[in-house]
Amino acid sequence: MRFLLNFIIFTLVFNVPFISEANEIPKRNTPVSASSFVDQQWLKKVLPLATQWLKSEQDKLALIGRGLNELERSLAGKMGVNRPDLVRIIITNEWPMPTEQPLRDEFIALGFVDSPDFWAMTLGYAIVIKPQYKTNESLLSHELVHVAQFEKMTVKGFLKRYLYELKKLGYEHSTLEIEAYGKQI
Ligand SMILES: [Zn+2]
């Protein structure tokens, strides 16, 4: 996802906590703050729902999306996408949102609601772009970095890190966003 934050120069800070399987469940002898435990419990509840929703949304969007042209394929390659042939672009004002609870409320709480500040959203290989930004190459390159992240981490792995970072660190400090802003053209 991309915010209207082009003007912000992100400092590449890599000392933010990276979640791994090993620290997902706090160990008995490891002091863990209550809030961290609560966040892990939250992730346990939200992750399966979000993963299922994103996969089904991606499949639906793929049916109405278009493939990349030659220039866009080349851009996808530069952004690290392994399978540019699978990428689909959907130009629409309809912002993807879960319709069912409790996931819908979680999205709202995270600020994933339709807003003029949101220009595009990437769901696996499906890139949803609002009509007024459909020729914005920089935006496309940003979203293609997210596609590459999905490929590397799988849908579940991406969401696990993205949602956790969004909740714990906020959008501006999400390492996945920092990478996308760093690599976009
Ligand atoms: Zn983004």
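Two residues are taken to be in contact if their C-beta atoms, placed from the backbone, lie within 7 Å. By this criterion, in the predicted model, residues 24 or more positions apart account for 70% of the contacts in the protein chain with a separation of 6 or more. The protein chain contains five helices and three strands, and these follow one another along the sequence in the pattern α-α-β-α-β-β-α-α. Of its 185 residues, 26% count as buried.

The three strands form an open sheet in the order S1-S3-S2, and the pairing within the sheet is mixed. Strand S1 (88-91) and strand S2 (120-123) each have a single partner strand and stand at the edges, so one side of each is left without a neighbour in the sheet. From one strand to the next, the twist averages 20°. Strands of a sheet pair through backbone hydrogen bonds, in either a parallel or an antiparallel arrangement. Both arrangements occur here, as the pairing is mixed. S1 and S3 run parallel and are joined by four bridges, whereas S2 and strand S3 (residues 126-129) pair in the antiparallel sense, also over four bridges.

Ile129 of S3 takes part on both sides of its strand. In S3, Ile129 is the bridge partner of Ala120, and Ile91 likewise stands opposite Ile129.

The loop between S1 and helix H3 (103-110) contains Pro102. The peptide bond from Gln101 to Pro102 is cis, with omega near 5°.

Helix H4 (residues 137-168) lies across S2 and S3 and runs at about 25° to S2. H4 comprises 32 residues, yet its end C-alpha atoms are only 30 Å apart. A straight helix would reach 46 Å at 1.5 Å a residue, and H4 falls short of this value. H4 also has a kink of about 110°, centred on Thr154.

Thr154, which lies in helix H4, has a positive phi of about 70° although it is not a glycine. Thr154 has 12 other C-beta atoms within 10 Å. A residue counts as exposed if 12 or fewer such atoms lie within that distance, and Thr154 is therefore exposed. Beyond the helix, H4 is followed by Gly170, where phi is again positive, near 90°.

Conventions
Residues numbered from 1 in each chain as written. Predicted model: local features only at pLDDT ≥ 70, side-chain atom pairs only at ≥ 80, totals over all residues. Pairing = 2+ DSSP bridges. Helix = DSSP H or I, 4+ residues; strand = E, 2+ residues; numbered from the N terminus. Axes fitted to C-alpha atoms, helices over the stretch in contact; angles between N-to-C directions. Expected span 1.5 Å × (residues − 1). Bend = angle between axes of the 7 residues up to and from the residue. Buried ≥ 20, exposed ≤ 12 C-beta atoms within 10 Å, placed from the backbone.
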